[in-house]
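Subject: Structure for you to look over

Hello,

Here is the structure I promised to pass on. Please open it alongside this note, and then read on for what turned up.

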Amino acid sequence: LLKDASATLFPEHKVGLVGANGCGKSTLFSLLKSELQLDAGNCSIPKDWSIASVKQETPALDISAIDYVLQGHPEYYAMRIALREAEQNDDGDTQAKGHIQLEHIKGYSIEAKGGELLHGLGFANNQIENPVSDFSGGWRMRLNLAQALIRDADLLLLDEPTNHLDMELIEALNLALEHYE
């Protein structure tokens, strides 16, 4: 795929990778996500970097669109489940600790951010509680975009993110990316 190539990505830089179909862009992204191993050479990413990427496919899930998007922030989603369990078990100590952790990751604004992302990508208020399985492929791609953008990552990989999007939604994606931290 690559021979005698070198690149360095710095925090907060925005980098584009352009090439013809089949030249290996998606393969390179798979390597960066540790889904593939190198045949030769080296590739290193700081161990503390978080990586977010847009899935290319979405299964027909029974969970709501907003829950699917929130799963893109694994720390928040796990904490949300733990808090629900603590509330059901009437475990005040675990609830208190969970709320402190939630505050630490700015978790009280994450659901609102998920709603904003979905609305910006064309979802109506009455659609965000619909199951993922209700949506067509193009709408599921939008869900995947929102899921990738829900959390701040050190490395955001967008592989053909404008597939299935019209011009209005491409503009909404550009706006979301301008505000991405």
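**Met 79 and its surroundings**

Setting aside neighbours within four places in sequence, Met 79 touches Gly 98, Gln 101, Leu 102 and Ile 105. Met 79 itself sits in helix H3, residues 74-88. Its relative accessibility is 9%, so Met 79 counts as buried; the cut-off for that is under 20%. One C-alpha distance goes with this: Met 79 to His 99 is 8.8 Å, across 20 residues of chain.

Bear in mind throughout that this is a predicted model.

**Overall layout**

The protein has seven helices and two strands. Along the sequence the order is α-β-α-α-α-α-α-β-α. The C-alpha atoms fill a box of roughly 60 × 35 × 30 Å along the principal axes. There are 181 residues, and 35% of them count as buried. Take the contacts between residues at least 6 apart in sequence: 66% of these join residues at least 24 apart.

H7 covers residues 167-178.

The buried residues of H7 are Leu 169, Ile 170 and Leu 173. They cover an arc of only 105° around the axis, so they lie on the same side of H7. An α-helix has 3.6 residues a turn, so residues three or four places apart point the same way. The face turned away from the buried side carries Met 167, Glu 168, Glu 171 and Glu 178, which are exposed.

What covers the buried residues of H7? H5 and H6 are included in the cover. The H6 and H7 axes are 12 Å apart and pack at an angle of about 5°. Angles under 35 degrees count as roughly parallel, and H6 and H7 are therefore roughly parallel to each other. On the H6 side, the residues that meet H7 are Arg 142, Leu 145 and Leu 149. On the H7 side, they are Leu 169, Leu 173, Ala 176 and Leu 177.

**Salt bridges**

The structure holds five salt bridges. Side chains of opposite charge can pair when their charged atoms come close.

- Lys 33 with Glu 35: N to O is 3.7 Å. Lys 33 is partly exposed at 27% relative accessibility, whereas Glu 35 is exposed at 52%.
- Lys 97 with Asp 93: the closest N and O atoms are 3.3 Å apart. Both belong to helix H4 (residues 92-104), and they are four residues apart, which means about one helical turn between them. Asp 93 is partly exposed at 49%.
- Asp 152 with Lys 113: N to O is 3.5 Å. This pair links distant parts of the chain, 39 residues apart. Asp 152 is in the loop between helix H6 (137-149) and strand E2 (155-157), and Lys 113 is in helix H5 (residues 110-120). Asp 152 is partly exposed at 43%, and Lys 113 is partly exposed at 28%.

There is also a network: salt bridges with shared partners join Asp 67, Arg 80 and Glu 111.

Which residues have a positive phi without being glycine? Ser 34 is one of them, at about 60°. Asp 90 is another, at about 55°.

Ser 34 lies in the loop between helix H1 (25-32) and strand E1 (51-53). Ser 34 is exposed, at 57% relative accessibility. Asp 90 is in the loop between H3 and H4. Asp 90 is exposed as well, with a relative accessible area of 67%.

Best wishes

Note on methods. Residues are numbered from 1 along each chain as its sequence is written. This is a predicted model: local features need pLDDT of at least 70, side-chain atom pairs count only at pLDDT 80 or more; totals for chains, interfaces and linings use all residues. Side-chain values use heavy atoms; hydrogens and water are left out. A salt bridge is a side-chain nitrogen of Lys or Arg within 4 Å of a carboxyl oxygen of Asp or Glu. Buried means under 20% relative accessible area, exposed over 50%, partly exposed in between (1.4 Å probe, protein chains only). Contact means heavy atoms within 4.5 Å. The expected span of a helix is 1.5 Å times one less than its number of residues. The arc is that of the directions from the helix axis to the C-beta atoms. Axes are lines fitted to C-alpha atoms, for helices over the stretch in contact, and angles run from 0 to 180 degrees between N-to-C directions. Angles under 35 degrees count as roughly parallel, over 145 as roughly antiparallel, 65 to 115 as roughly perpendicular and the rest as oblique.
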